[in-house]
Amino acid sequence: RFNHYLVWPRLLATILTLAILYEIMIDRRERRATMIFLACATATLAALVFLLTGIRASARGRSFSQVLVLISAVIVTQGYAHQIMVIRQTGRSEGVSLRMHQLTFLKDVSTVMLGLAMGLRTGWPLLLTNGLCALTKLGVMWQFRWARLSPEAQKLRDKSEVGPGGSWPQPTSDL
């Protein structure tokens with residue numbers, strides 16, 4: 001069945017991601033950035049063709065997409081774990097947007113709710129990926145508090161105040 005709740009927000013997110021990849025490609029002018037943009041654009045166009053023509057995925061295609069869900073969950077978890085690690089090592093959270101994490105956390109929670117409504121048998125990909133995203137985002141958001149209030153974080157910032165170019169830029173308040 002065609003699920004409007006799943007398709008349209010993700011299509012918009014995919015188009016925004018392609019726009020970001022396009023800007024990276026234009027900015028860097030590297031072969032690798034161009035190849036990544038072209039691969040993602042091609043995959044997006046193929047997905048749209050499948051959607052518009054009503055081509056159904058085979059059992060083998062379904063298994064492939066389930067493997068992609070697992071890979072996606074691992075990549076997302078690794079990315080947020082890395083953000084947590086960098087904040088803990090530097091005592092700084094300026095390079096990460098708290099507001100973005102708060103908004104996407106709400107998206108993850110709503111998608112987990114949808115997965116629960118669908119049931120474990122069909123909703124497990126949503127539960128796994130968005131559940132891991134929500135948990136790791138909570139960890140990142142907690143690091144904002146830690147970086148702002150912890151004496152240990154202050155010591156790390158003080159220790160790194162003077163670098164080769166002078167001092168770190170002063171933090172700006174995140175909405």
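**Figure 1. The largest nonpolar core of the predicted model.** In this predicted model, the largest nonpolar core comprises 14 residues. Ile 87, Val 96, Val 140, Phe 144 and Trp 146 are the residues with the most contacts inside this core. Two or more residues are given to the core by each of helix H3 (59–90), H4, helix H5 (120–149) and helix H6 (151–159). H5 supplies the largest share, namely 7 residues. In soluble globular proteins, nonpolar side chains tend to be buried together.

Figure 2. When residues up to four places away in sequence are not counted, Val 140 touches Tyr 80, Gln 83, Ile 84, Val 96 and His 101. Val 140 and Val 96 are both listed among the residues with the most contacts inside the largest nonpolar core. Another core, of 5 residues, lies apart from the largest one, and its members include Leu 21, Met 25, Phe 37 and Ala 41.

**Figure 3. Packing of H1 against H2.** Two packed helices are described by the angle between their axes and the distance between the axes. For H1 and helix H2 (residues 31–53), the angle is about 155° and the axes are 9 Å apart. The two helices, H1 and H2, are therefore roughly antiparallel to each other, and their crossing is left-handed. From H1, the contact draws on Val 7, Leu 11, Thr 14, Leu 18, Leu 21, Tyr 22, Ile 24 and Met 25. From H2, the contributors are Ala 33, Thr 34, Ile 36, Phe 37, Cys 40, Ala 41, Thr 44, Leu 48 and Leu 51. By class, the contact of H1 with H2 holds 14 nonpolar and 3 polar residues, and no charged ones.

**Figure 4. Thr 44 in the contact of H1 with H2.** Thr 44 is placed in helix H2 and is one of the residues through which H2 meets H1. Its relative accessibility is 14%, under the 20% limit, so Thr 44 counts as buried. With neighbours within four places in sequence left aside, Thr 44 is in contact with Thr 14 and Leu 18. Thr 14 and Leu 18 are both among the H1 residues that form the contact with H2.

**Figure 5. Arg 29 in the loop between H1 and H2.** Arg 29 is found in the loop that lies between H1 and H2. The phi angle of Arg 29 is near 50°, which is a positive value in a residue other than glycine. Arg 29 has a relative accessible area of 70% and is exposed.

**Figure 6. Packing of H1 against H4.** Helix H1 (residues 4–28) and helix H4 (residues 98–118) pack at an angle of about 155°, and their axes are 12 Å apart. That angle makes H1 roughly antiparallel to H4. The crossing of H1 and H4 is left-handed. Tyr 5, Leu 6 and Arg 10 in H1 meet Ser 110, Thr 111 and Leu 114 in H4. The residues of this contact of H1 with H4 comprise 3 nonpolar, 2 polar and 1 charged.

**Figure 7. Elements and contacts across the protein.** The protein has 6 helices and 2 strands, and from the N terminus on its elements run α-α-α-α-α-α-β-β. Of the 175 residues in the protein, 26% are buried. Among contacts in the protein with a separation of 6 or more, 66% are accounted for by residues 24 or more positions apart.

Technical notes. Residues numbered from 1 in each chain as written. Predicted model: local features only at pLDDT ≥ 70, side-chain atom pairs only at ≥ 80, totals over all residues. Heavy atoms only, no water. Axes fitted to C-alpha atoms, helices over the stretch in contact; angles between N-to-C directions. Helix = DSSP H or I, 4+ residues; strand = E, 2+ residues; numbered from the N terminus. Parallel < 35°, antiparallel > 145°, perpendicular 65-115°, else oblique. Left-handed = near helix turned anticlockwise from the far one by under 90°. Contact = heavy atoms within 4.5 Å. Nonpolar A, V, L, I, M, F, W, Y, C, P; charged D, E, K, R; others polar. Core = buried A, V, L, I, M, F, W, Y, C linked by side-chain atoms within 4.5 Å. Buried < 20%, exposed > 50% of the residue type's maximum accessible area, 1.4 Å probe, protein only.
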